[in-house]
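Me: I'd like to learn how to read strand pairing and a ligand site in a model like this one. Could you walk me through it, step by step?

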Amino acid sequence: MMDKIIEFKDVSKVYGENENQTYALKNISFSINKGEFVVVLGPSGAGKSTILNILGGMDRVSQGSIIIDDNNITNYNDHELAKYRAINIGFVFQFYNLIPTLTVYENVALMKEIKKDILDVKEVLKGLGIDKHMHKFPSQLSGGEQQRVSIARAITKNPTILLCDEPTGALDSSTGEMVLTELKKACKEHHHTTIIVTHNMALGQAADKIIYIKNGGVEKVVVQESPCEISEVKW
Ligand code: ADP
């Protein structure tokens with residue numbers, strides 16, 4: 001029996017008012033277990049980013065509830081939501097959000113200010129092949145290297161839930177594969193429940209669970225008992 005960590009119950013998200021109303025999400029329900037490596041697939045505009053934003057406590061639902069580890073976060077006030085974000089959530093965005101005046105090491109070690117039980121910074125940088133750039137500033141790195149630093153920062157935070165929005169969107173295929181390998185490794189070693197939103201259907205091969213989103217709804221959920229390794233994915 002797996003431990004359920006995330007549950008969406010009939011969640012809707014509406015933007016705009018009256019005749020301008022659009023449902024970004026309409027009555028969606030699904031659940032995710034602790035330590036699962038989950039891939040969320042679906043066309044552009046389907047509602048994938050909205051799911052991540054709500055799950056990350058950056059936006060609120062219009063209807064329904066979200067249960068995280070037996071707590072209904074839809075009842076949280078702003079302060080509780082901020083604490084939930086700080087303690088539980090790690091984010092990887094397509095854009096890197098690094099602090100230009102801090103070195104690579106400092107950008108990652110910054111997580112110590114937010115959370116106590118973080119992972120070893122140098123180890124994580126090494127896994128992502130960027131330890132040699134540890135003392136450089138973001139402006140001295142390529143885009144792909146900067147993205148790896150932002151991923152190192154998210155993994156180092158040792159979050160309960162790691163949310164990734166197109167984490168390899170700006171990377172060449174071999175760097176992308178390296179990043180995904182490290183994300184899956186951290187997921188399995190440190191039990192980071194990892195949710196990756198992507199356009200890349202092939203990544204589904206490596207997922208414990210694939211959630212297909214279409215027109216603001218869950219089209220289907222596929223559970224895979226023996227997903228392949230990232231290195232075995234047929235891209
Ligand atoms: P995806 O990530 O799958 O591309 P999104 O979650 O970004 O989809 O968007 C789902 C729908 O909600 C789209 O129709 C989008 O235009 C709409 N939407 C998203 N954010 C907003 C917003 N802040 N205001 C109004 N509409 C929005």
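Reply: Happy to! Let's begin with a definition: two strands count as paired if DSSP finds at least two bridges between them. Keep in mind that this is a predicted model. Now the case here: Glu7 stands opposite Ile67 in β4. Strand β1 (residues 4–15) and strand β4 (residues 63–68) are paired in the antiparallel sense, over 5 bridges.

Me: Which strand order does the open sheet of 4 strands have?

Reply: The order is β2-β1-β4-β5, and the pairing is antiparallel. The edges are taken by β2 (22–33) and β5 (71–72); each has a single partner strand, so one side of each is left without a neighbour in the sheet. As for helices, α1 packs on this sheet and touches β1, β2 and β4. Its direction makes about 120° with that of β1.

Me: Over how many bridges do β1 and β2 pair?

Reply: Over 8 bridges, in the antiparallel sense. One place to look is Tyr15, which stands opposite Thr22 in β2. The two strands β1 and β2 form a hairpin with 6 residues between them. In that turn, Gly16 has a positive phi of about 80°.

Me: What is the order of the strands in the open sheet of 6?

Reply: Read it as β6-β7-β8-β3-β9-β10, with mixed pairing. At the edges stand β6 (89–92) and β10 (217–223), each with a single partner strand, so one side of each has no neighbour in the sheet. Direction ignored, neighbouring strands of this sheet are turned by 15° against each other on average.

Me: In which sense do β6 and β7 pair?

Reply: They pair in the parallel sense, with 4 bridges between β6 and strand β7 (residues 161–165). Within this pair, Phe91 has Leu163 in β7 as its bridge partner. Helix α5 (residues 143–156) packs on the sheet, where it touches β6 and β7. The direction of α5 makes about 170° with that of β6.

Me: Now the ligand. Which residues are around it?

Reply: Around the ligand you find Tyr15, Ala24, Pro43, Ser44, Gly45, Ala46, Gly47, Lys48, Ser49 and Thr50. By class, this shell divides into 4 nonpolar, 5 polar and 1 charged. Helix α1 (residues 48–55) gives the most to the shell, with 3 residues.

Methods
Residues are numbered from 1 along each chain as its sequence is written. This is a predicted model: local features need pLDDT of at least 70, side-chain atom pairs count only at pLDDT 80 or more; totals for chains, interfaces and linings use all residues. Side-chain values use heavy atoms; hydrogens and water are left out. Axes are lines fitted to C-alpha atoms, for helices over the stretch in contact, and angles run from 0 to 180 degrees between N-to-C directions. Contact means heavy atoms within 4.5 Å. A residue is near a molecule or strand if one of its heavy atoms lies within 4 Å of it. Ala, Val, Leu, Ile, Met, Phe, Trp, Tyr, Cys and Pro count as nonpolar, Asp, Glu, Lys and Arg as charged, and the others, Gly among them, as polar.
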